[in-house]
Amino acid sequence: MAKNTKNTDVDVDVVVIGGGYAGVMAANRLTQRDDVTVTLINPRPNFVHRVRLHQLVGGSDDAVVDYRDVLAEDVRLVVGTVTRIDAAGRRVTLEAGGALDYDYLIYAVGSGSADPRVPGAAEFAHPIATLEEAQRLRPIVDAAPATAAVTVVGAGPTGIETAAELAETGRNVTLVCGEVLGPYLHPRGRRSVAGRLAALGVTVLDGSDAAGAADAKVTAVTRDAVRLGDGRELPSQVTIWTAGFAVPDLAGRSGLSTDALGRLLTDETLTSVDDERIVAAGDSAAPSDLPLRMSCQAAIPLGARAADTVLSRIAGEQPSPLNQVFAGQCISLGRRAGIFQFAHRYDVALWFHIDGRPGAKLKEVVCKGIVKHLAAEARKAGSYSLHRVSGGTKRQQRLLQQAGRDEAPATTPARAA
Ligand SMILES: Cc1cc2nc3c(=O)[nH]c(=O)nc-3n(C[C@H](O)[C@H](O)[C@H](O)COP(=O)(O)OP(=O)(O)OC[C@H]3O[C@@H](n4cnc5c(N)ncnc54)[C@H](O)[C@@H]3O)c2cc1C
């Protein structure tokens, strides 16, 4: 493709921190201009397809994709971890030593497991939010006897998917929801998920009513049990913790403004409120202190938007504001069933869903589609356009409401995919 080189005589260095969905989309898109040098820094030499990590634990996928399949040839990959951003000096420091200078920086460090604040959980429960965590868990599950009690704590999509995946392989699984099963789901969608989990033999402890509230909360974890809010102990040889995502503290440690969770605070063009040269995307961005649901669904368009913001600035143009729309939530329920819960564009579930085997097929199309979107942008930078779909009216309303309020500190809770 013919590249755009207008407006600059000197090469522009853009560093992208984090090679997940947002970072890869952003890096690929930036290669539209051949006067831009793009460097992507990521701790691993392979791309992690995080939405398949529960499959890694269940044994049906390794959740890893070769960067050669999703990253544009013109992007330089540096395998390493950034330990500090020096915004004034426009430089990032690497853990292994050395530093990289930049003209623009894209902050796309994603998310990981939230610290479980329940006694014993950090020692005895296994998180699953990163590749390394899922890789550590897999042999533990494999080594447990076939009849071992497996407890999954947390009934957001990650918990539901993990419980179903393991139950389908014959494991004896209890899902402790904390609150309601699948908080995002419409009641009809929730009934469908509950039905499929029951068919797989998963015991669901749901806290949606007064009767279930106590026994659906884990209050302590030991080597071979979980204690519930009503004092009961459930035997649990393998306890898997999926309750919540947290973000790396790199932005805060580097003196940049963040929300309460540590996501980089930006304006609606995803530009840091502190520094025009720093732009954020994905789970680690908090645009206007109204962060989007942490999800791959948001990360890819946010990556595209972040790249467009940088490209606009290089071209001396005004960047466009964010216009994120959601389609819903797509959850696998083992390999043979799934649910696509449709939603309003502003991310609230509708009455309509597709479940059963068609739901599973749709989920697989979505998972493969994610890699295809990244690969297509690698081959033809600038071809992705879903971040331009209109429908951000509700967000505009919330921004106006926010502008009408007194400035309040960031308290938005994390909501994982
Ligand atoms: C089991 C599971 C299932 C999921 N299913 C879905 C789903 O069905 N649909 C959906 O929309 N979402 C789903 N999600 C959520 C989704 O995976 C995340 O929201 C998404 O990965 C966020 O993308 P990202 O690019 O912001 O960050 P990530 O994909 O987390 O990528 C961030 C990258 O930055 C790297 N990084 C971090 N710190 C540094 C540093 N200091 N220096 C350099 N690199 C760094 C990380 O190692 C990582 O490679 C699921 C998550 C899990 C765990």
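Domain bounds here come from an automatic or database domain assignment. On that basis the chain of this predicted model splits into two parts: domain 1 takes in residues 12-111 + 247-403, and domain 2 covers 115-244. The centres of domain 1 and domain 2, taken over C-alpha atoms, sit 28 Å apart. Where the two meet, domain 1 puts in 37 residues and domain 2 puts in 28 residues.

For domain 1 and domain 2 that comes to about 2,700 Å², with 63% of it on carbon and sulfur atoms. On the domain 1 side, the residues that lose the most area to domain 2 are H54, V57 and L333, and together they account for 24% of what that side buries.

Charged and polar pairs turn up across this interface too. There are 4 salt bridges between domain 1 and domain 2, along with 13 residue pairs in polar contact, counting pairs with both residues at pLDDT 80 or more. As for what builds the domain 1 side, the elements that give two or more residues to it are the helix α2 (53-58) and the strands β23 (328-332), β24 (338-343) and β25 (349-354). The top contributor is α2, with 6 residues. Sorted by type, the residues on this side of domain 1 come out as 17 nonpolar, 11 polar and 9 charged.

Another of the pairs is R52 with E364, where the closest N and O atoms are 2.8 Å apart. Why is this pair worth a look? R52 lies in the loop between β3 (46-48) and α2, while E364 belongs to helix α11 (residues 356-379), so the pair ties together parts that are 312 residues apart in sequence.

Next comes the ligand. It is surrounded by 36 residues, and the closest are N42, R50, D283, C296 and K363. A polar side-chain atom of R50 comes to 2.8 Å from a ligand oxygen. The side chain of D283 likewise has an N or O atom 2.8 Å from an oxygen atom of the ligand. With Y21 the backbone is involved: one of its N or O atoms lies 3.1 Å from a ligand oxygen.

V109 is found in the loop between β9 (104-107) and β10 (112-113). Which residues does V109 touch, leaving aside its neighbours within four places in sequence? The contacts are I17, P248, L250 and S284. V202, by comparison, is 93 residues from V109 in sequence, and their C-alpha atoms are 34 Å apart in space.

Methods
Residues are numbered from 1 along each chain as its sequence is written. This is a predicted model: local features need pLDDT of at least 70, side-chain atom pairs count only at pLDDT 80 or more; totals for chains, interfaces and linings use all residues. Side-chain values use heavy atoms; hydrogens and water are left out. Contact means heavy atoms within 4.5 Å. Buried area is the accessible area (1.4 Å probe) that two parts lose on being put together, summed over both. A salt bridge is a side-chain nitrogen of Lys or Arg within 4 Å of a carboxyl oxygen of Asp or Glu. A polar contact is a pair of N or O atoms within 3.5 Å; within protein, one must be able to donate a hydrogen and the other to accept it, and residues adjacent in sequence count only if both atoms are side-chain atoms. Helices (H or I, at least four residues) and strands (E, at least two) are DSSP runs, numbered from the N terminus. Ala, Val, Leu, Ile, Met, Phe, Trp, Tyr, Cys and Pro count as nonpolar, Asp, Glu, Lys and Arg as charged, and the others, Gly among them, as polar. A residue is near a molecule or strand if one of its heavy atoms lies within 4 Å of it.
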